[in-house]
Amino acid sequence: MSPIFSFFITLFNMIKRALAPIVQPQRLFAALMVIGGRSATTSATTTCGNGSTASSSSQSPPSTPLLSSKSSTITSNKTKSAIPSSQLYIPKKSTLDSRQIGNYSREYSTSSSSSSKRPIFNDTYLNDLFWQLSSQGPAFEVNPNNIDFIQEPIDFYNHLIDGVKRSKKRITMASLYLGTGKQEIELVKEMKLAMERNKELKIHILLDGLRGTRIGVDKESSATILDELLNLYSDRVTISMYHTPDLNGILKKVLPPRINETIGVQHIKTYVFDDDLLLSGANLSKDYFTNRQDRYILIRATKSVSNYFNEIVGIIGSLSLHVDKNNKNQLLLSSGSINPVTQSNEFKNLAYTKLSTLLKSHTYYPSNDGSNGKSIDSPFDCKNNNNNNEEETTWIFPTIQMGPFNIRQDEVVTSHIFESVPSDSKFFITSPYFNLTENYLNLILTGKPKLDIITCSPQANGFYGSKGLSSAVPDCYAIIEKRFLQRVQDTDNGERISVQEYIRDKWTYHAKGLWIQVKNQQHPSITLIGSPNFGSRSVEKDLEAQIILITQNKQLQQKMDNEKNYLWTYTQDANLELFEKRKVSLMVRFLVYIFGNYL
């Protein structure tokens, strides 16, 4: 390469980095992707956009995804390079007032009623992780017999229907949107029947306001589908429509539907039926009920956990807009509420204040019914009260990530897990849109455990078969995946890290999370499951929630392993040789070069 050509490449990169915070090219990319793209009923526009920048009012620096200019900190000399800490921003506190993870006090590892030092978990890593996670938010003891994993989308739908039918007191649902097809209409019909049967039943549905009022080709939207339910039972039904505070000013006026969703959305997927919780990454629409593979965990008869997620949805709902009865696709501000569009900073401050109160460190909820959902100060008291066998020990840590409000709990604990997994463990990650933040990427490449990764094949990407420029999205992710594989090879991680692609005829892939199998265990002891991806959109722009499940119960570990293995059933090995067979156009390469950080 000539010196003159190198100079102009360097100059172009400098200009690109300088202008990125100003022009925010993820918005331009989204606009390009939807031109001539899929029908308005698809969810792919929102779920596939994994890149974004932090808002100007955010108090934490933004994460940067895979193709950041900082990627040069890992060289291509076939040796594993040390990454200077100055090159990474790894958050250590979930909120400004949180304890710092990694510095938990040993005083919390002893019982309030006994001076004897006993572990919560027999394995050292599990025990240490328990205390680290406890420093960032509440922990919930759970009966392992009350936990099941669902495998198929149709079973997810059937559990939703069954949950609605069984509910007597409350139904709380949070999703990106509700579809407008026959199955979705049937779900709403069952809600109406449940309201008729149970005069004390209350329903709260939280959706994203932009996605939930977007009109599809059938001239319907989530708001119109729910209109009759709301009108019939307006005193017992609440429909909340979250609006991101980052969409304001001129952007609010000029960005059309679909494109405006790239700025940020409500992305939590949680479904509460009385004291049962169904948590997933799946939305409420046809694809997610039929042939879009996701992950789903059902936690039955656990009031404390269900209350917690009900409270998360309740707080976000209290900040949200509601549907205008005279214009079902128009959103209105509740009386006395702060406007997220015209009072963006005030809205963010209020949201931070309300939501950060949930993240109470070293707060423990026992699984026994006698607790009535109340917390106690010591996890040992949970074990003493329940007289549990140590082999039954199972704890859940809910995590939330809300970058617009500077709440970074999920990012903090996920980074800690990536950084701390022992070398003698087995590590598994799944992400449909594999465009890691730079932090996550570097923590993985400098890690030690054996790591298996599953992601989409181009055919399993939600944009596969689209028209127009949106058809380039699968190839864009394929290029990013290839570059990841190259970095794995260049950092001498080829024997430690392997990648598989999900490929199943006429199916798409949307499963997210991870599993950890510690030393001397035959099955995973840890899993993360919920709505976040590992990209910068989840970290910076959207509202996300998931759980971290840690267990010593052999039967539950087997269930976790079965779920993991089921996802790996429909996979093929991904390696650099495979990508040599894939022809990618010059236009796609250009798009990735310019917009790779914002996918």
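Lys92 is partly exposed in this predicted model, since its relative accessibility is 29%, which lies between the 20% limit for buried residues and the 50% limit for exposed ones. Its side chain forms a salt bridge with Glu419, with 3.4 Å between the closest N and O atoms. Because Lys92 belongs to the loop between helix H3 (44-47) and helix H4 (124-134), while Glu419 belongs to helix H15 (residues 409-420), the pair ties together parts that are 327 residues apart in sequence. Glu419 also counts as partly exposed, at a relative accessible area of 45%.

Distant parts of the chain are linked here: Asp148 is found in strand E2 (residues 147-150), Arg300 in the loop between strand E9 (296-299) and helix H12 (303-319), and the two are 152 residues apart. Arg300 is partly exposed, with a relative accessible area of 25%, and Asp148 is likewise partly exposed at 25%.

A further salt bridge pairs Asp276 with Arg166, their closest N and O atoms being 3.0 Å apart. Asp276 is part of strand E7 (residues 276-280) and Arg166 is part of helix H5 (residues 153-166), so this contact ties together parts that are 110 residues apart in sequence. Asp276 has a relative accessible area of 11% and is therefore buried, the limit being 20%; Arg166, at 37%, counts as partly exposed. Through shared partners, salt bridges also join Asp148, Arg300 and Lys559 into one network.

Seven strands make up an open sheet with mixed pairing, in the order E2-E9-E7-E6-E3-E4-E5. Strands of a sheet pair through backbone hydrogen bonds, either parallel or antiparallel. E2 and strand E5 (237-242) stand at the edges and have a single partner strand each, so one side of each is left without a neighbour in the sheet. From one strand to the next, the twist averages 10°.

Leu206 has Ser240 in E5 as its bridge partner. Helix H6 (residues 182-197) lies across strand E3 (170-174), E4 and E5, and runs at about 155° to E4.

Notes:
Residues numbered from 1 in each chain as written. Predicted model: local features only at pLDDT ≥ 70, side-chain atom pairs only at ≥ 80, totals over all residues. Heavy atoms only, no water. Salt bridge = Lys/Arg side-chain N within 4 Å of Asp/Glu carboxyl O. Helix = DSSP H or I, 4+ residues; strand = E, 2+ residues; numbered from the N terminus. Buried < 20%, exposed > 50% of the residue type's maximum accessible area, 1.4 Å probe, protein only. Pairing = 2+ DSSP bridges. Axes fitted to C-alpha atoms, helices over the stretch in contact; angles between N-to-C directions. Contact = heavy atoms within 4.5 Å.
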